[in-house]
Amino acid sequence: DNCARLVKPHGFLYVMLYRDAYLAPVWRAIKRTYTRGGPFLKWILRNGYAGLQIAALLAKGRNPWRIIRDYAKTRGMSWYIDSTDWIGGYPFEYTNAERVIDRLAPQGFQLVKLFPALHPKPVGWQGTGSYQYLFQRRS
């Protein structure tokens with residue numbers, strides 16, 4: 001709502017928000033636990049999550065060491081820092097695309113593009129993912 005107020009007629013609003021997923025409440029609890037925990041608990045959660053990510057890559061037949069090595073070139077930060085950022089990113093808010101579109105429509109916004117395409121609510125065991133929205137304000 002705060003951002004939407006700043007958009008002039010015919011202007012654009014671009015936002016990216018975490019998608020609702022079946023495990024989104026679990027992620028919220030994990031992130032809250034991480035931020036409230038002491039150094040040892042944070043170490044366990046951070047490295048446990050990193051280990052699960054590596055195991056998932058191996059299970060998919062991908063080379064985690066190559067991905068970790070090349071991560072900064074594509075994402076702008078190290079893989080481990082990004083992993084830590086995910087596990088410790090709190091407060092954590094998520095929503096579904098329909099709710100966002102319905103919220104902005106009465107304020108004169110029309111959805112121009114949604115990426116990725118709208119699809120069923122994911123499980124979210126590796127995170128919830130996100131939707132990127134491009135809206136344009138009508139006159």
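## Elements and model

Helices (H or I, at least four residues) and strands (E, at least two) are DSSP runs, numbered from the N terminus. The model described here is predicted.

## Cis peptide bonds

Most residues other than glycine have a negative phi, and most peptide bonds are trans. Phenylalanine 115 and proline 116 are joined by a cis peptide bond, with omega about -10°. Proline 116 lies in the loop that runs between strand 2 (109-115) and strand 3 (130-137).

The peptide bond leading from tyrosine 90 to proline 91 is also cis, and its omega is near 15°. Proline 91 sits in the loop between helix 5 and helix 6 (97-104).

## Positive phi at histidine 10

Histidine 10 is not a glycine, yet its phi is positive, at about 70°. This histidine 10 belongs to the loop between helix 1 (2-5) and strand 1 (12-18).

## Packing of helix 2 and helix 5

Helix 2 (residues 24-36) and helix 5 (residues 79-88) have axes that come within 7 Å and cross at roughly 105°. Angles of 65 to 115 degrees count as roughly perpendicular, so helix 2 is roughly perpendicular to helix 5.

On the helix 2 side, the contact is made by Trp27, Ile30, Lys31, Tyr34 and Thr35. Helix 5 contributes Thr84, Trp86, Ile87 and Gly88. Sorted by class, the contact of helix 2 with helix 5 has 5 nonpolar, 3 polar and 1 charged residues.

Definitions and conventions
Residues are numbered from 1 along each chain as its sequence is written. This is a predicted model: local features need pLDDT of at least 70, side-chain atom pairs count only at pLDDT 80 or more; totals for chains, interfaces and linings use all residues. Side-chain values use heavy atoms; hydrogens and water are left out. Axes are lines fitted to C-alpha atoms, for helices over the stretch in contact, and angles run from 0 to 180 degrees between N-to-C directions. Angles under 35 degrees count as roughly parallel, over 145 as roughly antiparallel, 65 to 115 as roughly perpendicular and the rest as oblique. Contact means heavy atoms within 4.5 Å. Ala, Val, Leu, Ile, Met, Phe, Trp, Tyr, Cys and Pro count as nonpolar, Asp, Glu, Lys and Arg as charged, and the others, Gly among them, as polar.
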